Amino acid sequence: MKKIKIELEDFLKTILPDQKLFKFLSLAQDVSKKRGEFLYFAGGVVRDYLLKKLYKKKIPKTKDLDLVLQGELRSFLKELFEKVKGEILFESQFLTYKVKVNLNGKEFLIDFITARKEVYEDIAKLPKVFTSHFKDDILRRDFTINALIIGLSPPYEGILIDLVKGEEDLKKGLIRPLNLNSFVDDPTRIFRGIRYKVRFGFNFSEDFFLALKRCFEKSALKKLSGTRLANELKLYLTKEPEKNLKDLLMTTYELNIFEEAELKIDKKNFNSLIRLLKELKGEITEKEKEKFFLFGLVNPHFLESLYRLGFLDPEVKELIRYKGFIKETLPNWEKISLWEKIKIFEKIPLTYLLTLGVYFPKIKKEVVKFFKEYRKIKPELTGEELIKLGVKEGKEIGALLDLIRKEKVEGKVKSKEEEKNLVNQFLLKKSKN
Ligand code: CTP
């Protein structure tokens, strides 16, 4: 067991997102000392600190502070809340607690984890967990670079503990699983490994490939649930810098992960998908964006693949129907007027339309323009104003509003005054008939 002395104050200063948390941590330290239970930081927070300090890597501030206790966490927290205003928000089946604390009027969310051992009884299924010693808690982890811990209380206060040569791998820039069965137990780790490789510009160790081989032999990726598989892919989008997406997808593709997970993916679509995602900034909700990402990723000739990602029958059937609809119009696409195209696009829900923009390069440009511009063009005149001008209530109003939109899209009408003129012309023609 390698032990290295660490400047605890410097560590905390570097990792804490807010200085108010200092006081909180020193109270947590006091409680753990009084109870004789070992409290420590583990995972990403330790890894990122070392990358920053020892190897001068530019790393964004860690968001999750994983604070682990070798002991009885529930009563520990009860004792802590006698000193700090706080409450347990959520307790998971994995002996973890999401906690909210109030420090001088400001609220913070902190994850507390019980030092635990994991037992995987079934391939690619969630493990059974048991309270255990910190050494087991280190050895249950995914990669050596994530298996370093820094103690906050005795017997290892201010000590970095390295059981798995994680520091060496950090130095060498290597992603190494802790054991060769790691991806059989939990294939989501493959996606995590790919994210770390791309995020830090690291390489896979030989053991990574051996563990991957074993995972393929046991068909573990096929046994991973659709929800968990979809979640891992969504993390490429939500947890990593946008500029890394292509690299993440290509690495996954080249390692044959998609195929092993029974997902038909067309790498020809990656560029279009990424470009469209860039265009969407702030225009659709995060949920819609994630759905579009998964839709756009699959090979359009095998949309059944979407069932593998947990999508439901009505959603997949709807996409297949709209795809068929666009495919039918495609041979005449050049001959169709802009307004007619807009009318087609308007019938298709946005997430589906964007997906079709990825599947059919021919319509991509117009889909983007529709999305960013055309769909937002609305008449300035209201229905009430139209009635005042003499338009009959009912169908006629709808038809006129549509006509104004058409003329605006085609650039023939530019101001409210011109909209009124258009309405008057329409009424005049009608009275002559
Ligand atoms: N972990 C694991 N296997 C998983 C998920 C998590 O072993 N499938 C362990 C790793 O030790 C990881 C820690 O739990 O470091 C915390 O997980 P998470 O918060 O997801 O990752 P971070 O290490 O904080 O990394 P990131 O910067 O990606 O958030």
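Author: A crossing is left-handed if the near helix is turned anticlockwise from the far one by less than a right angle, and right-handed if clockwise. Here, α2 passes α4 in a right-handed crossing. The contact (heavy atoms within 4.5 Å) involves several residues of α2, among them Phe24, Leu27 and Val31, and, on α4, Ser75, Phe76, Glu79 and Leu80. This is a predicted model, in which local features need pLDDT of at least 70, side-chain atom pairs count only at pLDDT 80 or more, and totals for chains, interfaces and linings use all residues. Residues are numbered from 1 along each chain as its sequence is written, and side-chain values use heavy atoms, with hydrogens and water left out.

Reader: Is tyrosine 97 buried or exposed?

Author: Buried means under 20% relative accessible area, exposed over 50%, and partly exposed in between (1.4 Å probe, protein chains only). Tyrosine 97 counts as buried because its relative accessibility is 7%.

Reader: Which residues is tyrosine 97 in contact with, leaving aside its neighbours within four places in sequence?

Author: They include Leu73, Arg74, Ile88, Glu91 and Phe112. The C-alpha atoms of tyrosine 97 and arginine 74 are separated by 8.4 Å, although these residues lie 23 residues apart along the chain.

Reader: Where does tyrosine 97 lie?

Author: Strands (E, at least two residues) are DSSP runs, numbered from the N terminus. Tyrosine 97 belongs to strand β5, which covers residues 96–103.

Note on methods: Helix = DSSP H or I, 4+ residues; strand = E, 2+ residues; numbered from the N terminus.
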